[in-house]
Amino acid sequence: MAAPGFPYTDLKDFLAALERAGELRRVSVPVDPTLEISEVVTRTVRADGPALLFERPTRGEMPVAINLFGTEKRTAMALGVESLDEIGNRIGEMLKPELPVGFSGMMGGLGKVMQLKSMPPKKVKTAPCQQVVYRGDDVDLNKLPGLQVWPGDGGIFHNFGLTHTKHPETGKRNLGLYRLQQHSHNTLGMHWQIHKNSTAHHAVAERLGQRLPVAIAIGCDPVVSYASSAPLPADIDEYLFAGFLRGERVEMVDCLTVPLQVPAHAQVVLEGYLEPGERLPEGPFGDHTGFYTPVEPFPVLHVEAMTMQRDPVYHSIVTSKPPQEDHGLGKATERIFAPLLRFLIPDIVDYNLPAAGVFHNCAIVSIRKRYPKHAQKVMNAIWGAHMMSLTKLIVIVDEDCDVHDYHEVAFRAFGNVDYARDLLLTEGPVDHLDHSSYQQFWGGKAGIDATRKLPEEGYHRGWPEEMTMSAEVVSLVDKRWKEYGL
């Protein structure tokens, strides 16, 4: 069942829905975007507190909305569902290859087609995001209340800018979520990492000696904001995916100065270009890993136009050692893409990406074990599955282990493993931000086989039976519990 008012027209519409649901708190006193907002948000997130709207930031000219995705409940509300698994189930149904049988099957197939038809974005001629326009010398990024989140950060950053590029040769669009360091009143550092599609677009533009047009949308509706963070394959348009999640097409408008389209209902849009070969030092930045990432050279966006709604709201996020707001985004990705991962690797029953592992450091996976070294087969399949290739530690457990119960997982991983035989060590790509690898971009990985071992795997002692109480006694104690006076 969709949340009331879903799909939301824009960020303001979502904020109003959060407030009606008691999930938004307004902060009416002045608060400094340099460090103070970050500390307030971090304490709120770790207390499972509400989304926040800082109405009077002491820098910039608009309120700051933050912690919108800080709980699974709010993330589900943002995506219009009661449970994030609902979206995964929809995807799972669409992946089923069976031919329709009978009239009901035909109607079901028609329903899937209609879902697909709702996906493509819809172009509009006029848009709220262009109600106010600044060009050339009038562009001033200081109008935005960008955050300095940690004391060692290299300056002000815009942390929820949805970055639009397109391939210079094929014209294929990409939408990504990258941090943006403010270098001046009209330039930004583009921290797009080596594994990202926009990096590939920029590389082609540089090879051709061309400028790369870029458009950044800030404060989009929550579905588009989530879609920008989703690890989609390169051939799937993020706006098709957003349309699928919304159940209706996303309205897009042509930019004023670059050949790109942006969400018509964004709060703020920045339009500009990258000069081929130009780099500036970017960072340091306190990232979601819990550590500062070092200063590195990254491309520079020259902003030529800045458009916005009247009375816009600025959207941002705080990054830090978990738990932090990105927990909600990460869990959404985990649940939404579970059926797709199972489609690629049918051996998988369920999986969990722990927040403490910042979602790409560890994966806990349950399988229905059928043959010797089945766990190792699944490990290697995961390391070959798109962005799951960045996973550093994979723990494989049997299907009767709840991968979301960390106590149960630890019990299996600590007790069911002979580390001389059940530990698989390998090397491969790691996240751009990984500081522990001895060289950037690649490093060591481990897989732990915490399943019950088979004789065919060399285990001949006879795997012991795990202790469980009989159902009769459990039922008896349930019935008599009040009698015990406990």
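Trainee: Where does D48 sit?

Mentor: D48 is in the loop between helix 2 (36-46) and strand 2 (51-54). Helices here are DSSP runs of H or I with at least four residues, strands are runs of E with at least two, and both are numbered from the N terminus. Keep in mind that this is a predicted model, where local features need pLDDT of at least 70, side-chain atom pairs count only at pLDDT 80 or more, and totals for chains, interfaces and linings use all residues. Residues are numbered from 1 along each chain as its sequence is written, and side-chain values use heavy atoms, with hydrogens and water left out.

Trainee: Why is D48 called exposed?

Mentor: Its relative accessible area is 63%. Exposed means over 50%, buried means under 20%, and partly exposed is in between, with a 1.4 Å probe and protein chains only. So D48 counts as exposed.

Trainee: What makes the phi of D48 worth a remark?

Mentor: The phi of D48 is positive, about 55°, although D48 is not a glycine. Most residues other than glycine have a negative phi. K373 is also not a glycine and has a positive phi, of about 60°. K373 lies in the loop between strand 20 (362-367) and helix 11 (374-382).

Trainee: And is K373 buried, partly exposed or exposed?

Mentor: Partly exposed, because its relative accessible area is 39%.

Trainee: Which peptide bond around P284 is cis, and what is its omega?

Mentor: The bond from G283 to P284, with omega near -5°. P284 is in the loop between strand 13 (280-282) and strand 14 (285-286). Another cis bond joins P322 and P323, with omega about 0°. For P323, the loop runs between strand 18 (314-315) and helix 9 (326-336). As a rule, most peptide bonds are trans.

Trainee: How do you know that D85 and R335 form a salt bridge?

Mentor: Their N to O distance is 3.3 Å. A salt bridge needs a side-chain nitrogen of Lys or Arg within 4 Å of a carboxyl oxygen of Asp or Glu, so the pair qualifies. It links distant parts of the chain, with D85 in helix 4 (residues 85-95) and R335 in helix 9, 250 residues apart.

Trainee: Are D85 and R335 buried or partly exposed?

Mentor: D85 is partly exposed, because its relative accessible area is 31%. R335 has 11%, so R335 is buried.

Trainee: Which other partner does R335 have?

Mentor: E334, with the closest N and O atoms 3.0 Å apart. E334 has 1% relative accessibility, so E334 counts as buried.

Trainee: What makes R412 and E408 a salt bridge?

Mentor: Their closest N and O atoms are 2.8 Å apart. R412 and E408 both lie in helix 12 (residues 406-415), four residues apart, about one turn of the helix. R412 is buried, because its relative accessible area is 3%. Elsewhere, salt bridges that share partners join D85, K331, E334, R335 and D350 into one network. The search of the whole structure finds 29 salt bridges.

Trainee: Why is one space called a cavity and another a pocket?

Mentor: On a 1 Å grid over the protein atoms alone, a cavity is a set of points where a 1.4 Å probe fits but cannot get out; a pocket is an open set with protein on both sides within 12 Å along at least five of seven lines. Lining residues have an atom within 4 Å of a point. The search finds one cavity of 30 Å³ or more, and the largest cavity has a volume of about 40 Å³. The lining of that cavity includes H288, P322 and F359.

Trainee: What volume does the largest pocket have, and which residues are closest to its centre?

Mentor: The largest pocket holds about 1400 Å³ of space. Of its 46 lining residues, the closest to the centre are K196, S229, A230, P231 and M387. Strand 7 gives the largest share of the lining, six residues.

Definitions and conventions: Grid points are joined across faces, edges and corners, and a volume is the space filled by probe spheres set on the points.
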